[in-house]
Amino acid sequence: MTHAIDTHVTNDVAIAAGALLDGDVVAFPTETVWGLGALATDPLAIAKIYAAKGRPNDNPLIVHVASMDAALALFTRWPSRDHAETILRSFAPGPITVIIPRPAHLPAEVSAGLPTVGLRIPSHGVAQALLQAVGLPVAAPSANASGRPSPTTRDGVLASLNGKIPLILDGPRGELGLESTVVDCTGATPTLLRAGAVSVESLRRVAPTIKLLADAEAQARSPGTRHRHYAPTCRVHLATSDTRSLPEGATYETSAYIGLTAPSAVESYRLHRICNSVEHYAHELFEFMRLADNAKVELLVCERVPVAGIGRALMDRLHRAARGGSSPSP
Ligand code: TXA
Ligand code: MG
C-alpha cells in the first residue's frame, strides 16, 4: 500500500536529474507523451514506476538516452543489429523505439524479465536536457495510471499520478500527442509492435522488409499491447463521417465529439473538438479524453480516419479505447 505523498512541480532540470540519481521517479515531457522516469540501472527505482502506475509486472519499460552514442553503447553483438542502427539513425532523436537484446548492465527488472529492451532517444528539449544532466539511461513508460490514456499535458500527469510521485519536471507540450512507434529489431526482419508517431510508410523507406503483425501476434510479442489501454472512463464510440448520429440511448448533453468534420448537431454536444488535420487530431485525442472525463461525459464519439500515416496509430488507439482491448488488423 502506498501512502499519498506531496507531488512537486519544478522547471529546474538539475533538481529533476538529482532526484533521478537519488533513485526517485520523475515525470517529464517528451515530444510524444509524458514519461515517468527512473534510473534504468536501479531495480529499486524501477519498482517505484510499477507501484506508482499500478502497472502489471509483465509489461516492459522503454529506456531513454540522450544521444546516438549513448544508444550505441547499449548495443551488444547480434546478427541483425544493422536494422536497429539504421532505424535509429533515420528517425532518432524522435518518436521511435527499437527493441534490441538487453545488455548485461541493464537489470532484468527494466524489461519485466525479457532478454530484450526498448531503446528510444527523445527529441523534446526538456527530455534531452534531463537525459544529458543524468548521464545514465532512464526507463520511462507513459506517465499515466496503467490502462488510462497517456498524458500529453502536466495536468494530465497530475490527474492520474498526483500524490503518487514526488516530482514533475514541467515543460512545453510535445508536438505529437501519440506514443512512439515500437519496432522489434532483434530478429532477421524488423517487426512493427506498436504503430506510433513514425509512420509505417516512412519506416518502409529505410527498412523495406518491415513486417506488420496481426494484433494477436503483436500482443504475444509486446506485452503492453495485451493490456487494456488508452481508455477514458467514459464509453468510446467510433463513427464514420457519414454515420455520425449518436448510438441508441445516448444524449448529446452527456456526450462529447472529436473528429475532423463536424456532425450536424455538433453544437449540441457537451464538448466538441474539430481538428484541422489527422496530425492535429492525434495531438488532441488523449487530452480531449481527459477533458471529457473531467466533464463527466458518458460517451465519447470519435470520428474514424484512414489507416495511413499517423492515422494508423490514431485508429489503433481509438480501437483500444473503444473496445477496452485490441486493434483489429495490421
Ligand atoms: O512515446 C513513448 O514511447 C512514451 C514516452 C514516454 O517515451 N513511452 C511509452 O511507454 O509509451 P509505455 O511503457 O507506455 O509503452 C511501451 C510499449 C509497451 O507496449 C511495451 O509492452 C512495449 O513498448 N515494450 C517495451 N519494451 C519491450 C520489449 N522489450 N519487448 C517488447 N515490447 C516492449
Ligand atoms: Mg503507456
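Q: How do the residues of the lining of the second largest cavity divide into nonpolar, polar and charged?
A: In this predicted model, the lining has two nonpolar residues, six polar and one charged. The residues concerned are Thr30, Thr32, Val33, Trp34, Thr152, Arg173, Gly174, Gly177 and His283. Val and Trp count as nonpolar and Arg as charged, while the others, Gly among them, count as polar.

Q: What makes the space a cavity, and how many cavities of 30 Å³ or more are there?
A: A cavity is a set of points where a 1.4 Å probe fits but cannot get out. By this rule there are two cavities of 30 Å³ or more. The second largest cavity holds about 40 Å³.

Q: What does the secondary structure of the chain come to?
A: The chain has ten helices and 15 strands.

Q: Why is the chain called as compact as a globular protein of that length?
A: The globule rule gives 20 Å for 330 residues, and the radius of gyration of the chain is 19 Å, which is close to that, so the chain is as compact as a globular protein of that length. Along its principal axes, the C-alpha trace spans about 55 × 50 × 30 Å.

Q: What share of the 330 residues in the chain is buried?
A: Buried means under 20% relative accessible area, and 58% of the 330 residues are buried. The chain exposes about 13200 Å², of which carbon and sulfur atoms supply 52%.

Q: Among contacts between residues at least 6 apart in sequence, what share joins residues at least 24 apart?
A: The share is 66% of those contacts in the chain.

Q: Why is lysine 296 counted as exposed?
A: Exposed means over 50% relative accessible area. Lysine 296 has 66% relative accessibility, so lysine 296 counts as exposed. Lysine 296 sits in the loop between α9 (278-294) and β15 (299-303).

Q: What sets the phi of lysine 296 apart for a residue other than glycine?
A: Most residues other than glycine have a negative phi. The phi of lysine 296 is near 60°, a positive value. Alanine 112, also not a glycine, has a positive phi of about 50°.

Q: Why is threonine 41 called partly exposed, and where does threonine 41 lie?
A: With a relative accessible area of 31%, threonine 41 falls between the limits and is therefore partly exposed. Threonine 41 lies in the loop between β3 (35-39) and α2 (43-53). Leaving aside neighbours within four places in sequence, threonine 41 is in contact with His105, Leu106, Pro107 and Leu136. Contact here means heavy atoms within 4.5 Å.

Q: Why is aspartate 12 called partly exposed?
A: The relative accessible area of aspartate 12 is 33%, so aspartate 12 is partly exposed. Aspartate 12 lies in the loop between β1 (8-10) and α1 (13-21).

Q: What is the peptide bond from alanine 92 to proline 93, cis or trans?
A: The bond is cis, with omega near -5°. Most peptide bonds are trans. Proline 93 is found in the loop between α4 (81-91) and β5 (96-101).

Conventions. Residues numbered from 1 in each chain as written. Chains lettered and ligands numbered in written order. Predicted model: local features only at pLDDT ≥ 70, side-chain atom pairs only at ≥ 80, totals over all residues. Heavy atoms only, no water. 1 Å grid on protein atoms, 1.4 Å probe; cavity = no way out; pocket = protein on both sides within 12 Å on 5 of 7 lines; lining within 4 Å. Points joined across faces, edges and corners; volume = space filled by probe spheres on them. Helix = DSSP H or I, 4+ residues; strand = E, 2+ residues; numbered from the N terminus. Rg over C-alpha atoms; globule rule 2.2 N^0.38 Å. Buried < 20%, exposed > 50% of the residue type's maximum accessible area, 1.4 Å probe, protein only. Areas by Shrake-Rupley, 256 points an atom, 1.4 Å probe, with all protein chains shown as cover.
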